[in-house]
Amino acid sequence: MTAAPPRPSRVPDLEGLRLLVAIAREGSIGAAARTLGVTQQSASERLRSVEAQVGLTLVQRGARGSGLTASGTVLVEWSARLLDLAEEIDHAIEGLRGDRSRELAVWASMTVAESLLPRWLVLLRERQLAEGLTPTSVGLVAANSDAVLTAVRDQQADLGFVEGARPPRDLRWSAVSTDELVLVAAAGTPIARRRSPLTPGEVAGLTLTTREQGSGTRQVVEHALAEHGLALGGTLVELTTGSAVRAAVVAGGPPAFLSRAVVAGDLDAGRLALVPTLDLRLRRTLRAVWAGGRQPPPGPVRELVGIART
């Protein structure tokens, strides 16, 4: 049987969404075009294209200006959230493209790099612009926690962010947040239907999808089991990013311990199920780490640590 062709997306591109937001803010297509640095004709053509794509009239044109229709107002509300996220991702990508010639070298564990650091970098940029400063150019490397610590020790990184059960003994650090690991499984699998909590011994006997050696997430699970004289058992499926672990479990792979914040959407949508556990300490501290003095070095390093703490 031939599969049906994929349905065309109704979501406009980012430039089209920016135009809608600008029309809502400025009150006319012409003023929105000037704000975006395009001609009114170009803006009008893009607006017609967006309306054709979504199949709705979004803007009511008039002699005294243009206003959003009810559908346009709803779409602008959705668009604002998407554009904020796109800005975070764009800034994070710019950091990932950086190298040692950039002003600030930041290394971060996968959980922090995927979930938290993009927003912190946006806030750093906004704060510096508000103070009339040239924004710091940041080079970002995502790695596991052990690699981040090595980079800070070897002065490859000015600042690192790690996760794990214990703080490093030979580096300065500051707690910036806390996180909880939870055991999740694909919805509908036998273990996902379990209601009674798994004991530490039962957890140790599971076949799990997990991160590689050196990952802070894996270290927390290993430390929690070690407190009961146990170790991870079974044939482990090892992957190098939290996103890969999550995707493997959603696809029906063995269960995994992941950040509750990372899987919250999957739990709400029913793609993953929470598997209860008993007597395992799975809360962890996310830490900023640096070499040198008791306080983070003044300047962008201290600013970024301060933002991460809030």
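Predicted model: local features only at pLDDT ≥ 70, side-chain atom pairs only at ≥ 80, totals over all residues.
Q155 is exposed, with a relative accessible area of 61%. This residue is found in the loop between helix 7 (145–153) and strand 5, and its phi is near 65 degrees, a positive value in a residue other than glycine. Most residues other than glycine have a negative phi.

**Positive phi in loops**

- D279 also has a positive phi, of about 60 degrees, although D279 is not a glycine.
- The place of D279 is the loop between strand 10 (272–275) and strand 11 (283–290).
- D279 has a relative accessible area of 53%, and the cut-off for exposed is over 50%, so D279 counts as exposed.

**The chain as a whole**

- The protein chain has 310 residues, and buried residues make up 43% of them.
- Its secondary structure comes to twelve helices and eleven strands.
- Taken along the principal axes, the box filled by the C-alpha atoms is roughly 75 × 60 × 30 Å.
- A108 and R195 are 87 residues apart along the chain, and 36 Å separates their C-alpha atoms.
- A108 belongs to strand 3 (residues 104–109).
- The relative accessible area of A108 is 0%; buried means under 20%, so A108 is buried.

**A buried aspartate and its contacts**

- D179 is part of strand 6 (residues 172–186).
- With a relative accessible area of 8%, D179 falls under the 20% cut-off and is therefore buried.
- Which side chains does the side chain of D179 contact?
- One of them is the side chain of S259, in a polar contact of 2.9 Å.
- Another is the side chain of R284, in a polar contact of 2.7 Å.

**Aromatic rings**

- How many aromatic pairs does a search of the whole structure find?
- The search finds one aromatic pair.
- This pair is made by W120 and F161, with ring centres 5.1 Å apart.
- The ring planes of W120 and F161 are at 50 degrees; planes under 30 degrees apart count as stacked and those over 60 as edge-to-face, so this pair is tilted.
- The pair links distant parts of the chain, since W120 is in helix 6 (residues 117–130) and F161 is in strand 5 (residues 159–164), 41 residues apart.
- Both W120 and F161 are buried.
- Elsewhere, R287 lies over the face of the W173 ring, at 4.9 Å from the ring centre.

**A nonpolar patch on the surface**

- V11, L14, L82, L85, I89 and I93 form a nonpolar patch on the surface.
- Together these residues have about 480 Å² of accessible area.
- Which helix gives the most to the nonpolar patch?
- Helix 4 (residues 70–96) does, with four residues.
- V11, another member of the patch, lies in the segment before helix 1 (14–26).

Definitions and conventions:
Residues numbered from 1 in each chain as written. Heavy atoms only, no water. Patch = residues over 30% accessible without salt bridge, like charges linked within 9 Å, V, L, I, M, F, W, Y side chains within 5 Å. Areas by Shrake-Rupley, 256 points an atom, 1.4 Å probe, with all protein chains shown as cover. Salt bridge = Lys/Arg side-chain N within 4 Å of Asp/Glu carboxyl O. Helix = DSSP H or I, 4+ residues; strand = E, 2+ residues; numbered from the N terminus. Phe/Tyr/Trp six-rings, centres within 6.5 Å; stacked < 30°, edge-to-face > 60°. Buried < 20%, exposed > 50% of the residue type's maximum accessible area, 1.4 Å probe, protein only. Lys NZ or Arg CZ within 6 Å of the ring centre and 35° of its normal. Polar contact = N/O pair within 3.5 Å; in protein donor to acceptor, adjacent residues only side chain to side chain.
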